[in-house]
Amino acid sequence: LPRLVREFVAQNNTSQIKHVIQILSQEFALSQHPHSRKGGLIGLAACSIALGKDSGLYLKELIEPVLTCFNDADSRLRYYACEALYNIVKVARGSVLPHFNVLFDGLSKLAADPDPNVKSGSELLDRLLKDIVTESNQFDLVGFIPLLRERIYSNNQYARQFIISWILVLESVPDINLLDYLPEILDGLFQILGDNSKEIRKMCEVALGEFLKEIKKNPSSVKFAEMANILVIHCQAADELIQLTAMCWMREFIQLAGRVMLPYSSGILTAVLPCLSYDDRKKNIKEVANVCNQSLMKLVIPEDDEMDEAKPSMTIPAEPTSEESLSKPEAVTTGESQLVWAIRVLKQPLFFPCSCERIQVTLNLDGIVQVLDYHLSDTSIGMMTRIAVLKWLYHLYIKTPRKMFRHTDSLFPILLRTLSDESDEVILKDLELLAEIASSPAGQTEEGHGPSDGSDARPGPVELHVPARAGQPSSSSTKGLECSPSTPTMNSYFYKFMINLLKRFSSERKLLETRGAFIIRQLCLLLNAENIFHSMADILLREEDLKFASTMVHTLNTILLTSSELFQLRNQLKDLKTPESRNLFCCLYRSWCHNPVTTVSLCFLTQNYKHAYDLIQKFGDLEVTVDFLTEVDKLVQLIECPIFTYLRLQLLDVKNNPYLIKALYGLLMLLPQSSAFQLLSHRLQCVPNPELMQTADNTKPSTSFKRTAASNIDYTELLQHFEKVQNKHLEARHQRAGQAEQLDRRVVL
């Protein structure tokens with residue numbers, strides 16, 4: 001047969017050559033008899049050898065029948081077919097490249113062949129074909145990619161190994177730029193990375209590593225946007241190797257591509273945030289996720305607050321975002337379609353190569369806030385994730401305050417609920433965020449802190465309405481709002497925050513008991529302490545739950561007297577030199593009247609000793625309970641603390657401070673024979689004889705009385721207000737006692 005073919009070649013008789021190949025194909029290679037098929041395969045190989053360099057002219061006729069035999073049921077025939085194709089390819093060399101796809105398709109099937117001999121023969125053929133591709137500069141990569149994309153989703157281990165080996169070969173060829181088509185195969189590579197075989201996983205890891213090296217070398221030619229969603233999906237994989245590798249890629253993408261990744265921020269955060277709470281078993285993933293999170297946060301800039309969100313910056317294909325596709329997840333079958341469906345669910349924009357023009361990047365703030373809100377609301381999310389979410393929200397309020405305030409009304413409830421978190425660090429971050437919201441100029445509305453004068457004014461999204469008591473005239477509400485803070489550093493959300501914070505304390509008393517002081521002290525550091533106390537006192541003045549009002553006033557008073565954060569405010573109240581300090585005193589006093597003992601302590605702090613004595617005189621008309629005596633006991637203990645050092649020193653000036661001594665004796669008379677009684681009694685025994693304390697300078701008027709006279713405070717009106725508030729408390733206690741008695745009777749009946 002070779003001699004005959006060589007004669008035809010010498011005669012340039014192509015028709016006879018084709019006739020010989022046709023006979024070998026139709027009558028032998030494709031025969032029903034197995035021995036005839038073997039002979040046909042051997043004949044086709046011999047024919048190819050005889051043709052030599054001219055075999056390229058007849059490759060289609062030579063290859064097709066051999067590839068058909070790849071599917072033969074007889075393993076020996078498949079081996080003969082593999083051997084025949086090896087001889088054909090060896091002779092033709094580079095001429096087989098136009099037929100590469102069919103050869104690759106056939107080889108990918110043989111790679112998974114159960115017969116070891118067939119598999120061994122296919123490996124020899126595979127190596128030969130790789131050598132040819134490596135040597136040639138005419139490889140059609142564009143035509144090959146669709147086949148590679150299809151085959152890469154195979155679940156067979158040997159087929160996967162075959163695919164990875166070819167990707168490594170193509171990546172190593174300088175003239176073949178596989179990086180341009182990486183988006184087509186990246187998802188498949190990550191799926192192969194989860195294979196059960198360690199060898200295949202290692203090969204895939206190497207392939208991905210090579211691609212990443214190439215990306216770092218040539219970032220300008222990388223289609224980052226087309227691969228972003230693929231990484232988002234695999235960053236959430238259950239397999240740790242896939243997740244870690246995808247997260248490492250995401251880190252590099254964010255650092256290399258920069259703001260190109262911003263449109264995918266919500267998807268990236270969905271994948272990254274949960275990883276921040278991983279324990280030491282997944283320490284590597286956690287560390288990489290943290291870098292991703294920090295790098296992504298840095299991409300948000302103040303200019304994002306100025307960009308027009310209404311202007312579309314990219315085109316999203318209609319099909320991937322159709323509602324029909326989203327509503328039919330059960331139709332998903334292949335790995336590739338799973339990727340498409342997952343991208344649709346994430347609702348992220350897809351980029352397709354269409355133009356070299358630079359696309360303006362727009363921050364999808366709505367999507368980011370939605371993801372952050374979800375993770376903050378989920379109680380199962382770890383502490384570090386919640387902290388990261390709060391840091392993100394704080395960062396967005398700093399960089400894009402105008403746009404963020406559109407979401408404030410929806411975020412406010414969850415931020416208030418977060419104050420009940422078990423972690424102090426979470427609460428601190430939450431308070432920082434709430435303080436930023438309450439003080440940002442972007443949150444200022446035209447309505448301000450009070451109601452508008454216009455009768456037809458419609459409430460804005462953050463207009464504040466302080467709940468007035470039943471039967472209370474509307475003018476009193478306006479009067480109360482006049483006392484509320486209105487400094488330039490506060491916006492209309494500040495007063496709203498104070499109202500809702502007190503509502504939170506009222507509905508969740510455990511929060512007030514365990515974290516109330518901690519929360520208020522931190523707020524005094526973050527915001528203006530005077531504004532906080534002023535506004536809370538103003539709100540408590542209208543509080544209908546008198547028991548809560550008394551408890552809250554006691555808490556605020558304890559913070560005022562003992563917290564180092566309020567040193568400046570205490571000094572301001574101690575002197576009452578300015579109209580602002582006197583206004584603050586009056587505002588605090590009216591609310592402090594909910595608790596008689598705290599009112600006396602406020603008078604001690606402000607050196608209003610005569611008024612303190614007048615108040616104590618009224619205590620005889622009050623219902624003296626165990627709780628009342630306990631608070632008097634605590635006040636005596638406070639008098640012995642460093643806070644009231646100046647008060648104790650004023651006991652030396654008996655002549656100019658008679659009402660201070662009278663007030664202290666009044667407290668002594670209220671106390672039963674207890675340790676507090678002994679403590680205060682011993683202190684008063686140390687008060688010197690006024691005659692012994694007289695000096696040549698005894699004609700100097702008292703500075704205390706001079707300040708009181710200059711303060712222009714109507715103490716008579718304040719005393720009347722105190723009596724009025726205490727009468728309300730007495731009525732409320734009698735009402736509660738009556739209700740309890742009725743309940744007891746019902747239980748007995």
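**Overall picture and selected residues**

Tutor: The protein chain exposes about 36,400 Å², and carbon and sulfur atoms supply 51% of that area; accessible areas come from the Shrake-Rupley method with a 1.4 Å probe, and for residues only the protein chains shown count as cover. This is a predicted model, in which local features need pLDDT of at least 70 and side-chain atom pairs count only at pLDDT 80 or more, while totals for chains, interfaces and linings use all residues. Residues are numbered from 1 along each chain as its sequence is written, and side-chain values use heavy atoms, with hydrogens and water left out.

Student: What's the secondary structure, how many helices and strands?

Tutor: The protein chain has 37 helices and zero strands, where helices (H or I, at least four residues) and strands (E, at least two) are DSSP runs numbered from the N terminus.

Student: And how much of the protein chain counts as buried?

Tutor: Of its 749 residues, 49% count as buried; buried means under 20% relative accessible area, exposed means over 50%, and partly exposed lies in between (1.4 Å probe, protein chains only).

Student: What share of the contacts comes from residues 24 or more positions apart?

Tutor: Among contacts in the protein chain with a separation of 6 or more, 75% are between residues 24 or more positions apart, a contact being heavy atoms within 4.5 Å.

Student: Which residues have the most contacts inside the largest nonpolar core?

Tutor: They are L182, L189, W249, F505, F533 and F604, in a core of 227 residues. The largest share of this core, 10 residues, comes from helix α13 (residues 240-257), and the core draws at least three residues from each of domain 1 (1-137) and domain 2 (365-443). A nonpolar core is a set of buried Ala, Val, Leu, Ile, Met, Phe, Trp, Tyr and Cys residues joined through side-chain atoms within 4.5 Å, and domain bounds come from an automatic or database domain assignment.

Student: Pick F533, then. What is it in contact with?

Tutor: Leaving aside neighbours within four places in sequence, F533 is in contact with C524, L556, I559, L560, L566, L569, L588 and W592.

Student: Where does T599 lie, and is it buried or exposed?

Tutor: T599 lies in helix α30 (residues 596-605), and T599 is buried, with a relative accessible area of 0%. Leaving aside neighbours within four places in sequence, T599 is in contact with Y589, W592, C593, L615 and F722.

Student: How many residues of α30 are buried?

Tutor: In α30, 10 of its 10 residues are buried, so the helix is mostly covered. Among them are P596, V600 and F604, and α30 is followed by Q607, whose phi is positive, near 65°.

Student: Which other residue has a positive phi, of about 60°?

Tutor: That is N12, which is not a glycine and lies in the loop between α1 (2-10) and α2 (14-29). N12 is exposed, with a relative accessible area of 61%. L576 also has a positive phi, near 50°, and sits in the loop between α28 (567-575) and α29 (579-592), but L576 counts as buried at 1% relative accessibility.

Student: Changing topic to cysteines, how many disulfides does a search of the whole structure find?

Tutor: The search finds zero disulfides, a disulfide being a pair of cysteine sulfur atoms within 2.5 Å. As for individual cysteines, C69 counts as buried at 3% relative accessibility, and C204 is buried with a relative accessible area of 0%.

Student: Now Q161: what does its side chain make a polar contact with?

Tutor: The partner is the side chain of E199, at 3.0 Å. A polar contact is a pair of N or O atoms within 3.5 Å; within protein, one must be able to donate a hydrogen and the other to accept it, and residues adjacent in sequence count only if both atoms are side-chain atoms. Q161 lies in helix α9 (residues 157-172) and counts as partly exposed at 22% relative accessibility.
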